[in-house]
Amino acid sequence: MGRLHVCDHPLIQHKVTFLRDKKTETKQFRELVDEIATLMAYEATRDFPLETVRVETPVTLADGKVIAGRMVGLIPILRAGLGMVDGVLKLLPSARVGHIGLYRDEETLQPVEYYVSLPTDVTERELIVLDPMLATGGSANAAISILKGRGCRPTKLMCLIAAPEGIKAVQEAHPDIDIFVAALDSHLNDHGYIVPGLGDAGDRLYGTK
C-alpha cells in the first residue's frame, strides 16, 4: 500500500510560504519550485537500497555505502511538472526524463492526453511522476495509468501542494503509489482549485495567464 509523505522540513515550509505569496514574481517562483523539488527529492529517495563497497582513503581502506544500482526515471506532467525536473536532477543526475502532456478540460475537470514521450528503457526504471499541484487527482491518475499501460513501474508521485480530494483519488486508483507533498491544503473550491493553494502553477512558472 502506498503511503502519503508530507515533507515538513523547516526549509520546505519556509519556501512554500513564499511560493504561495501572490507578490512572488515569476523568476523567484521558478527558483523556489526548483529548490523545493531538490529538498523533496532528498526525502523521496530515503528508501533507496544500499550496498557496501571498499574504497581506499588517503589513510587506509574503508567500507562505504553506495546506492545499489537503482535506475530512475522522472516523468513530469506538462507543462507545470517541468518546473520540478532540474531540482530533482541535481540529486539524481543520471535519471532519464520522459514527458506526459495533459490539460484539464475546464468544464468537466477531466484530463485530456495530448503528448507522451518516454525514454527507450523506461520499463526498466523506477519512475517518479512530477506535478506541482494535486487537485482532483485526475491528471496524476491519468499519467500513472498511461505509464502502467506501457508496462512501466511508476512508484512515486511528487507534488508541491495537494488537496485531500486528490490524495484520496490517487490512493483509490493507484494504491501502490507513494505520494510525496510539500503541503497538504484544506480543500478544493467550486472551480477545482486548491485552497489556499498558490494559484495556477504553470502560469506562475512561465508568466502566462
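## Annotated sites and the largest pocket

In the unreviewed UniProt entry, a "binding site" annotation covers Arg 79, Arg 104, Asp 131, Pro 132, Met 133, Leu 134, Ala 135, Thr 136, Gly 137, Gly 138, Ser 139 and Asp 200. Of these residues, Arg 79, Arg 104, Asp 131, Met 133, Leu 134, Ala 135, Thr 136, Gly 137, Gly 138, Ser 139 and Asp 200 belong to the lining of the largest pocket. The model is a predicted one.

The record from UniProt, again unreviewed, also has a "binding site" annotation on Ile 194, Gly 199, Asp 200 and Ala 201. From this set, Ile 194, Gly 199, Asp 200 and Ala 201 are taken into the lining of the largest pocket.

Ile 194 sits in strand β13, which spans residues 194–195. Ile 194 counts as buried because its relative accessibility is 8%.

Gly 199 lies in the loop between β13 and α6 (201–206). With a relative accessible area of 39%, Gly 199 is partly exposed. Gly 137 is found in the loop between β9 (133–134) and α4 (138–149). Gly 137, at 3% relative accessibility, is buried. Its contacts, not counting residues up to four places away in sequence, are Gly 166, Ala 169 and Val 170.

Which residues are joined by a cis peptide bond with omega near 5°? They are Leu 78 and Arg 79. Arg 79 is in the loop between β4 (72–78) and α3 (82–89), and counts as partly exposed at 34% relative accessibility. Not counting residues up to four places away in sequence, Arg 79 touches Asp 200, Gly 202, Asp 203, Tyr 206 and Thr 208.

Another cis bond runs from Val 195 to Pro 196, with omega about 0°. Pro 196 lies in the loop between β13 and α6.

In α3, the buried residues are Gly 83, Met 84, Val 85, Gly 87 and Val 88. The elements that cover them include α2 (26–44), β4, β5 (96–97), β8 (126–130), β10 (153–162) and α6.

## Salt bridges

Side chains of opposite charge can pair when their charged atoms come close. The structure holds 13 salt bridges; the table gives some of them.

| Pair | Closest N and O atoms |
|---|---|
| Lys 156 and Asp 47 | 3.2 Å |
| Arg 54 and Asp 63 | 2.9 Å |
| Asp 121 and Arg 96 | 3.6 Å |

Lys 156 forms a salt bridge with Asp 47. Since Lys 156 is in strand β10 and Asp 47 in the loop between α2 and β2 (50–56), this pair ties together parts that are 109 residues apart in sequence. Lys 156 is buried at 2% relative accessibility, whereas Asp 47 is partly exposed at 43%. Asp 47 and Lys 156 are linked with Glu 126 in a network of salt bridges.

Arg 54 and Asp 63 are both exposed.

Asp 121 forms a salt bridge with Arg 96. Asp 121 lies in the loop between β7 (111–117) and β8 and Arg 96 in strand β5, so the pair ties together parts that are 25 residues apart in sequence. Asp 121 is buried, with a relative accessible area of 13%; Arg 96 is partly exposed at 39% relative accessibility.

Cys 7 is in the loop between β1 (4–6) and α1 (10–20). At 5% relative accessibility, Cys 7 is buried. Not counting residues up to four places away in sequence, Cys 7 touches Ile 12, Met 40, Glu 43, Phe 180, Val 181 and Ala 182. The C-alpha atoms of Cys 7 and Leu 39 are separated by 8.7 Å, with the two residues 32 apart along the chain.

Leu 4, Val 6 and Leu 184 make a nonpolar surface patch of about 220 Å². Leu 184 belongs to strand β11 (residues 178–184), and is partly exposed at 40% relative accessibility.

Terms used:
Residues numbered from 1 in each chain as written. Predicted model: local features only at pLDDT ≥ 70, side-chain atom pairs only at ≥ 80, totals over all residues. Heavy atoms only, no water. Patch = residues over 30% accessible without salt bridge, like charges linked within 9 Å, V, L, I, M, F, W, Y side chains within 5 Å. Areas by Shrake-Rupley, 256 points an atom, 1.4 Å probe, with all protein chains shown as cover. Salt bridge = Lys/Arg side-chain N within 4 Å of Asp/Glu carboxyl O. Helix = DSSP H or I, 4+ residues; strand = E, 2+ residues; numbered from the N terminus. Buried < 20%, exposed > 50% of the residue type's maximum accessible area, 1.4 Å probe, protein only. UniProt positions renumbered as here; feature names shortened; annotations may be inferred. 1 Å grid on protein atoms, 1.4 Å probe; cavity = no way out; pocket = protein on both sides within 12 Å on 5 of 7 lines; lining within 4 Å. Contact = heavy atoms within 4.5 Å.
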